[in-house]
Amino acid sequence: MEGHAGKILRINLSDGGIAKEEISEEMRTKFLGGRGFAAKILWDEVRDVEPLSEENKIIFSTGPLTGLPLPSSGKMVIASKSPLTGGYGDGNIGTMAALHLRRAGYDVLIVEGKSEAPCYIAIQDEEVRIIDAGDLWGRTTFESQDRLEAEHGKSIGVLTIGPAGENMVRFANIISQRGRAGGRPGMGAVMGSKNLKAVVVKGTGKIPAFDEQKLREMGKAGYEEIKGKENYDFWIRQGTLMVFEWCNENSCLPTYNFREGAFQFSKQLDGYALEKLKVDRKGCPLCNMQCGNIIKDVEGENTELDYENVGMLGPNLGMDDLAKVGVLNRMADEYGLDTISLGSCLGFLMEASEKGLIDARIKWGDLEGCKKVIEDIVKKRDLGEIIFEGVRKASERVGGESRSWAMHVKGLEVSAYNCHACPGMALSFGTSPIGAHHKDAWVISWEVSTDRFSYSKEKVEKVVELQRLRGGLFESMTTCRLPWIEVDFGIHWYPKFLQAATGKEMSQEELFDLGDRIYALIRSYWVRENRGWTREMDCPPVRWFEEPLSQGNLKGQRLDRARYDEMLSRYYEIRGWDENGIPLKQTLDGLGLGDVVGVLSKHG
Ligand code: SF4
């Protein structure tokens, strides 16, 4: 298979070792790139380790489409054993660093070990340096970006952590280009645990591809098709925030720590409110439908909003003003905190305060209170001490009934969709391979527009189909799924892109197998790394089963536990996993993962 540089760059921060390794043909064919490579490397190399120890590794992984002149292809996957969940963790990020890594001649960067003192890695083609980061340590992600650009020039790719990552807050992420974020399940904390402040990459070579001419032609046609799509203009105006009003109308909006699904001040936060405040737009490299909408926040600073961060820092906290939400979002980006988990953590504390489970008072909609807690989280003091490891751990500390409304799956906080009346989306959260994230199967819009309240077999099949495409194909080739999802850019393009990039024609069956293989391997990783794995790990938060919505047109709705359980069993059946969600021997063998069988059998 062509289209890869075929090289891993491995850097050991403990001894300064730098190695360049070949990626085997088997690995390329079976795992393609991005998430596929990351999952395979973690399975092979990161076993039984404490996520914030020197033994953990962090993997920056591109795919065969990364950086090619194709729509929205400026993405990479960052993966590690997650300090938030204890299982497989990853996130994708749109960044110039992805392009530069490929141009420098590498598909994957693995960082292992731990530096004695703060450092950053600078890669320029063949040359790799580990540089003292004493001057950068303690600085925000924005300051770090500026300083690194001042040092290395503007045409570089930067991946950096902020003070949250340095202090190993478990939902610290990685930021690039002042606002591109990735690595929700604590990838920033893993960098911090290695004393690694940033990775700077500059590549000057050519990205390998099987048929460059064809790629250029298809890319041009693809960009044009996207621009001609019916809802392209609306997307450009509102980006992902166009879904806010729809969520509110359909009681899917995360409101007051997911207690409700609709918010009385939604009009002050939705896509139309955004349009009034918008001053600019930005996004990932190689994208012609950039979705980062910039507004001035109430403190007069620029901040980049999307649906997820507005949902979680707006209605979920009872915050009634987009410009206030903007302040919290900017602080999160500067400190390097995941906005979804942050919103969930703040909502959890507000509810705990309301119920008298903690001494401190923090009320719904309290901007100044939230700002103080964010500072405390970063410094792990006061309320930050309770919440810096996420809501799962916080509920163990706070006690009472808080476990029921700690909104997470497998330790990862739920992203911005309320599922009291969305069993399919609840299953998607339950079975997502990193914990409760929406990226693998955003089934909610299909679900609400079809047979919303059913727990049908078709719904389970739809979740699996989306996981195969979004979680398998898009995360591995590695490119943004939003052109397909949001403006209806034809899915038929992608096998053609892959063929031109790699020279290999892949049938739909092969592409689905790829997704299934990656899913089975990631699931095996969870089982291996979590003693006592049970199907309970695939269940959404208790609140959605036990506390019906108390307001709105869906008042009284909640999930049915027995029927959810039936869906889950069907899901396992389709995947070829046993009743506890563990891949069966014949499934693993059929996917070419025979080597996993022996390891898993030791875990019963
Ligand atoms: S659509 Fe948004 S997330 Fe996707 S590549 Fe473009 S800017 Fe990035």
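View 1. In β5, Asp 90 is the bridge partner of Ala 79. The model is predicted: local features need pLDDT of at least 70, side-chain atom pairs count only at pLDDT 80 or more, and totals for chains, interfaces and linings use all residues. Residues are numbered from 1 along each chain as its sequence is written, and side-chain values use heavy atoms, with hydrogens and water left out. Strand β4 (residues 75–81) and β5 pair in the antiparallel sense over seven bridges. Two strands count as paired if DSSP finds at least two bridges between them. Strands (E, at least two residues) and helices (H or I, at least four) are DSSP runs, numbered from the N terminus.

**View 2. The six-stranded open sheet.** The strand order is β2-β1-β6-β3-β4-β5, with mixed pairing. Its edge strands, β2 (18–22) and β5 (88–94), each pair on one side only. Neighbouring strands are turned by 20 degrees against each other on average, direction ignored. Helix α3 (residues 96–103) packs on this sheet, touching β3 (57–61), β4 and β6 (108–112). The direction of α3 makes about 90 degrees with that of β4. Contact means heavy atoms within 4.5 Å. Axes are lines fitted to C-alpha atoms, for helices over the stretch in contact, and angles run from 0 to 180 degrees between N-to-C directions.

**View 3. The three-stranded open sheet.** Strands pair antiparallel in the order β13-β14-β15. The edges are β13 (278–282) and β15 (302–305), each pairing on one side only. The twist averages 35 degrees from one strand to the next. Four bridges join β13 to β14 (residues 292–296). Helix α12 (residues 322–335) lies across β14 and β15, at about 95 degrees to β15.

**View 4. The ligand shell.** Around the ligand are Ser 72, Lys 75, Gly 283, Cys 284, Cys 287, Met 289, Gln 290, Cys 291, Cys 480 and Leu 482, each with a heavy atom within 4 Å of it. Six shell residues are nonpolar, three polar and one charged. Here Ala, Val, Leu, Ile, Met, Phe, Trp, Tyr, Cys and Pro count as nonpolar, Asp, Glu, Lys and Arg as charged, and the others, Gly among them, as polar.

**View 5. Two backbone exceptions.** Most residues other than glycine have a negative phi, and most peptide bonds are trans. Ser 72, in the loop between β3 and β4, has a positive phi of about 55 degrees. A cis peptide bond joins Met 477 and Thr 478, with omega about -15 degrees. Thr 478 is in the loop between α19 (457–477) and α20 (482–487).
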